[in-house]
Amino acid sequence: MNESDSHRMGEALARAGWEPTPAAEQADLVLVNTCAIREKAEDKLYSALGRYRLLKTQRGTKIGVAGCVAQQEKERLLRRAPFVDFVLGPDHLDKVPELVRKGGVETAFLETEQYLFPQADPESSRGNATAFVTAMKGCDNVCSFCVVPYTRGREVSRPYAEIVREVASLVAVGVREATLIGQNVNAYAGGCDFAELIRRVAAVPGLLRIRFTTSHPMDLSEALVRCFREVPQLMPHFHLPVQHGADTVLQRMRRKYTIAEYERRIAALPAEIALTSDIICGFPGETDDEHRQNLEFLRRTDYDNLFSFVYSPRPHTGAILKLEEWGEVPREIAIRRLEEVQSLQMARTLKRHRDRVGDTVEVLVEESGFGRSRENWTVHFSGDAQPGDLVNVRVESASLVALRGVQLGVTGSAPRVDPPRKRRLSVVPA
Ligand code: SAM
Ligand code: SF4
């Protein structure tokens with residue numbers, strides 16, 4: 001989401017005459033797009049601002065802060081870092097050129113009816129095989145660990161016709177894979193449900209692959225499960241975060257499902273789906289027994305990969321208000337538990353990858369010699385395929401993070417795309 005927002009702001013600035021530079025030291029404007037999901041992200045912001053402050057003194061570089069930390073801190077951010085020129089929240093991506101000119105703080109949430117989703121400029125995706133497409137924003141859940149509802153506001157779905165149009169415009173410049181994004185994307189309701197949205201997007205001619213992220217287990221519908229079986233463009237990868245393997249922790253997290261319910265739902269998925277998840281270790285009050293239940297659940301659930309984190313207290317959230325009552329888990333215990341979760345999963349991911357040595361996998365090429373398998377595994381290969389090509393790769397070795405192999409043949413080549421559109425100018429005598 002953060003990456004996609006950065007693109008939209010880059011495009012708005014390009015329309016106002018700005019161009020990107022690879023090094024902050026050469027920039028006239030440094031825009032830091034922040035994430036507030038864990039505490040470290042804020043620490044990173046303030047240490048980055050410390051570095052950019054020097055640029056401001058040396059060469060007058062303007063400094064802006066965008067994203068969820070901006071939304072959370074608002075004017076406070078200017079008090080803590082008064083050299084910052086402007087602060088803007090995620091609802092105001094299009095306003096960035098205006099804020100560069102006049103400075104200030106723009107963080108008010110817009111009413112649902114007033115909110116217009118920023119349109120991607122397809123030109124900035126020309127030559128890319130993949131693109132993110134925003135399907136919805138915000139979140140109406142109140143998981144007790146999570147700051148998202150406070151930084152991204154209420155759930156708003158983008159009208160499906162806008163999404164389909166954007167996907168078609170991306171395909172016209174060579175994009176072959178669209179990843180539909182939203183904090184709770186399977187709760188989509190922009191004129192049809194999420195399963196119907198996938199079918200409408202799949203009908204865009206020339207689009208080869210569809211992915212989506214992130215989904216809430218309670219919004220997993222039978223219709224979405226059918227899409228995995230019936231829509232060939234939908235890739236067999238599903239990120240469905242469980243967060244914890246003990247019911248008592250799920251209850252404190254306000255996740256609205258039990259482990260038995262989660263297991264029932266994933267049992268309905270086709271067997272070939274690569275299922276991935278998020279896990280939080282050291283959630284307030286997590287006992288040794290709850291941690292043991294978590295490990296037991298993870299042992300019997302054959303996840304393809306896992307993103308695991310140590311719990312980080314977030315402002316405004318339900319869990320921080322109950323921290324004293326539930327009891328903070330000492331950091332060294334939380335880290336030890338995290339390491340146990342990670343080593344369990346690492347061994348399994350490595351085995352899954354090694355089991356594919358000798359197989360042929362279908363890869364969508366993103367850069368020369370690099371692409372992703374249908375399951376979303378990273379694949380490095382030798383061969384001459386171009387970005388946007390779909391190739392078969394014979395796997396020769398595997399590590400925890402990637403497969404390596406040799407290109408066998410191109411099964412689908414990148415569509416021919418028109419050259420970049422030149423700016424047209426008309427000089428009229430007056
Ligand atoms: N909407 C998704 C869901 O409900 O599963 C999650 C989106 S959240 C942006 C991404 C992940 O960050 C979460 O799944 C969770 O594991 C992790 N996360 C969120 N808040 C956290 C916190 N306070 N401490 C540690 N990890 C956190
Ligand atoms: Fe956060 Fe996801 Fe829960 Fe929404 S559903 S509050 S984004 S963890």
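1. Largest cavity, lining by class. The lining residues divide into six nonpolar, two polar and five charged. Here Ala, Val, Leu, Ile, Met, Phe, Trp, Tyr, Cys and Pro count as nonpolar, Asp, Glu, Lys and Arg as charged, and the others, Gly among them, as polar. This is a predicted model, in which local features need pLDDT of at least 70, side-chain atom pairs count only at pLDDT 80 or more, and totals for chains, interfaces and linings use all residues. Side-chain values use heavy atoms, without hydrogens and water; residues are numbered from 1 along each chain as its sequence is written, while chains are lettered from A and ligands numbered from 1 in the order in which they are written.

2. Largest cavity, size and place. The space in the largest cavity is about 120 Å³. Its lining has 13 residues, and Asp5, Pro90, Tyr115, Lys137 and Arg152 are the closest to its centre. Helix α1 gives the largest share of this lining, three residues. (On a 1 Å grid over the protein atoms alone, a cavity is a set of points where a 1.4 Å probe fits but cannot get out, and a pocket is an open set with protein on both sides within 12 Å along at least five of seven lines; lining residues have an atom within 4 Å of a point. Grid points are joined across faces, edges and corners, and a volume is the space filled by probe spheres set on the points.)

3. Second largest pocket. This pocket holds about 1000 Å³ of space. It is lined by 31 residues; Gly10, Leu13, Trp18, Glu19 and Pro20 lie nearest its centre. By class, 14 are nonpolar, seven polar and 10 charged. Helix α1 again matters here: nine residues, the largest share, come from α1. At least two residues each come from α1 (2–15), β1 (29–34) and α2 (39–59). Helices (H or I, at least four residues) and strands (E, at least two) are DSSP runs, numbered from the N terminus.

4. Ligand 2. Around ligand 2 stand Cys139, Asn141, Cys143, Phe145, Cys146, Val148, Pro149, His216 and Arg255, each with a heavy atom within 4 Å of it. The shell has six nonpolar, two polar and one charged residues.

5. Barrel. Five strands close into a barrel, in the order β13-β14-β15-β17-β16, with mixed pairing. Strands pair if DSSP finds at least two bridges between them. Strands β13 (residues 360–367) and β16 (residues 390–398) run antiparallel, joined by five bridges. Leu364 stands opposite Leu390 in β16.

6. Whole chain. The chain has 15 helices and 17 strands. Its C-alpha atoms fill a box of roughly 80 × 60 × 45 Å along the principal axes.
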